Amino acid sequence: TQKCQPYLYFNEDRQSMTFLGVQVSNKRNLIDPLKSSNVLEKKIISKDLYDTLIRNRVDLQDDCMKWDKAKKISVLANVMGIIQNSGEHGKLVITDPDSSYVLTIDNLKKILAIHMRFRCNIPVIIMGETGCGKTRLVYYMCQLQSQQIQRSNMRILKMHGGTTDQDIIKELKESIKLARGNALHDIDTVLFFDEANTSHSIGLIKEILCDRRVNGIPIPGNIRLQFVAACNPYRRRSGEMLDKLMTAGLGSISTRGKVIEKFGKIPLRELVYRVVELPKSLLPLVWDFGQLNREVEESYIREIINGHLGNSAIVLSPNLLKRITEILSIT
């Protein structure tokens, strides 16, 4: 089950704040959003502050777990400073750039965390399993910013063992050119290094992320160009899987005594992903993105099913949709 821990974000307008997962009872106790009877901390704020927040229409008992997608997008727009249009009754709204994207509370917090790192000039290095949604999440974040001006603001460099420094420099130059145009519209441009730790050019990636330089030359700092590196985890195969692969004669090891390459003291053959070691200065910045849990995975499956059905004559009952989702999630 997704947890909604209390967060307080300062919005881009520098005048207002956004509360996420903050639930304060009438007695001014901080309560657990998942179980209202559970008091996390008594008298979390003073009576004067509580009364002031209520007078300013701050809903201190708003349950973020019940937010619909439109509400979540509105929260993102407020924190990130995205211009919202006036809808019915003067209510501010923002268009969903991708109706097929499943925006969970977990994804919402991750997008906000990335934005806050951008704001504070902290390098963004995401580590997670293949298919856990790293690239899609950053792309959706970029779409939110760029949809009203209809401009591309994300470039993806898919890295691998053959990626060279020249490839990275070429992509960086294109990103700088794109960012100069987007800066005129006051939006970020993101260069996304996908599977960054599969290339031996990881040293240049470190220089770009941490030093904002390339071969000692500073990268322009006034064009809102941001960098995100996605890394594969350093995970060893199980002994059973190694035995199966060696029996099949696959990989760089034909026998246990003939090891060709190693990662530290670990044979590369024993790693799930073929990766290189991260520079020491990047290690404290690595953010564990985790894996898709069962709940989120089923949400994605439901969206995919509904997307394929579209306006067809096939109508699935809620029970049938639930059963199909459970079967697909298991397989």
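Predicted model: local features only at pLDDT ≥ 70, side-chain atom pairs only at ≥ 80, totals over all residues.
Figure 1. The side chain of Asp 188 meets that of Arg 224 in a salt bridge, with an N to O distance of 2.9 Å. Asp 188 lies in the loop between α5 (165–183) and β9, and Arg 224 in the loop between β11 (217–218) and β12 (225–231), so the pair ties together parts that are 36 residues apart in sequence. Arg 224 is partly exposed, with a relative accessible area of 27%. A network of salt bridges links Asp 186, Asp 188 and Arg 224.

**Figure 2. The salt bridge between Lys 158 and Asp 194.** The closest N and O atoms of Lys 158 and Asp 194 are 3.8 Å apart, and the two residues form a salt bridge. Lys 158 belongs to strand β8 (residues 154–158) and Asp 194 to strand β9 (residues 189–194), so this pair ties together parts that are 36 residues apart in sequence. Lys 158 is exposed, with a relative accessible area of 56%, whereas Asp 194 counts as buried at 12% relative accessibility.

**Figure 3. The salt bridge between Glu 277 and Lys 280.** Glu 277 and Lys 280 form a salt bridge in which the closest N and O atoms are 3.4 Å apart. Glu 277 is partly exposed, its relative accessible area being 47%. Lys 280 has a relative accessible area of 62% and is therefore exposed, the cut-off for this class being over 50%. The structure holds eleven salt bridges, one of which is the pair shown here.

**Figure 4. Packing of helix α2 against helix α3.** Helix α2 (residues 69–80) packs with helix α3 (residues 105–119) at an angle of about 10 degrees, and their axes are 11 Å apart. This angle makes α2 roughly parallel to α3, a description used for angles under 35 degrees. On the α2 side, the contact is made by Lys 72, Leu 76, Val 79 and Met 80. On the α3 side, the residues in the contact are Ile 105, Leu 108, Ile 111, Leu 112, His 115, Met 116 and Arg 119.

**Figure 5. Packing of helix α2 against helix α4.** Helix α2 also packs with helix α4 (residues 134–146), at an angle of about 70 degrees and with the axes 11 Å apart. Here α2 is roughly perpendicular to α4, because angles of 65 to 115 degrees are classed in this way. Lys 69, Ile 73, Leu 76 and Met 80 of α2 make the contact with Tyr 140, Met 141, Leu 144 and Gln 145 of α4. Leu 76 and Met 80 belong to the contact with α3 and also to the contact with α4.

**Figure 6. A nonpolar surface patch around Phe 10.** Leu 8, Phe 10 and Met 17 make a nonpolar surface patch of about 300 Å². Phe 10 is placed in strand β1 (residues 7–10) and counts as exposed at 53% relative accessibility.

**Figure 7. The chain as a whole.** The secondary structure of the chain comes to nine helices and 15 strands. Of its 331 residues, 43% count as buried. The accessible surface comes to about 19100 Å², and carbon and sulfur atoms account for 51% of this area. Among contacts with a separation of 6 or more, 67% are between residues 24 or more positions apart.

Definitions and conventions:
Residues numbered from 1 in each chain as written. Heavy atoms only, no water. Patch = residues over 30% accessible without salt bridge, like charges linked within 9 Å, V, L, I, M, F, W, Y side chains within 5 Å. Areas by Shrake-Rupley, 256 points an atom, 1.4 Å probe, with all protein chains shown as cover. Salt bridge = Lys/Arg side-chain N within 4 Å of Asp/Glu carboxyl O. Helix = DSSP H or I, 4+ residues; strand = E, 2+ residues; numbered from the N terminus. Buried < 20%, exposed > 50% of the residue type's maximum accessible area, 1.4 Å probe, protein only. Axes fitted to C-alpha atoms, helices over the stretch in contact; angles between N-to-C directions. Parallel < 35°, antiparallel > 145°, perpendicular 65-115°, else oblique. Contact = heavy atoms within 4.5 Å.
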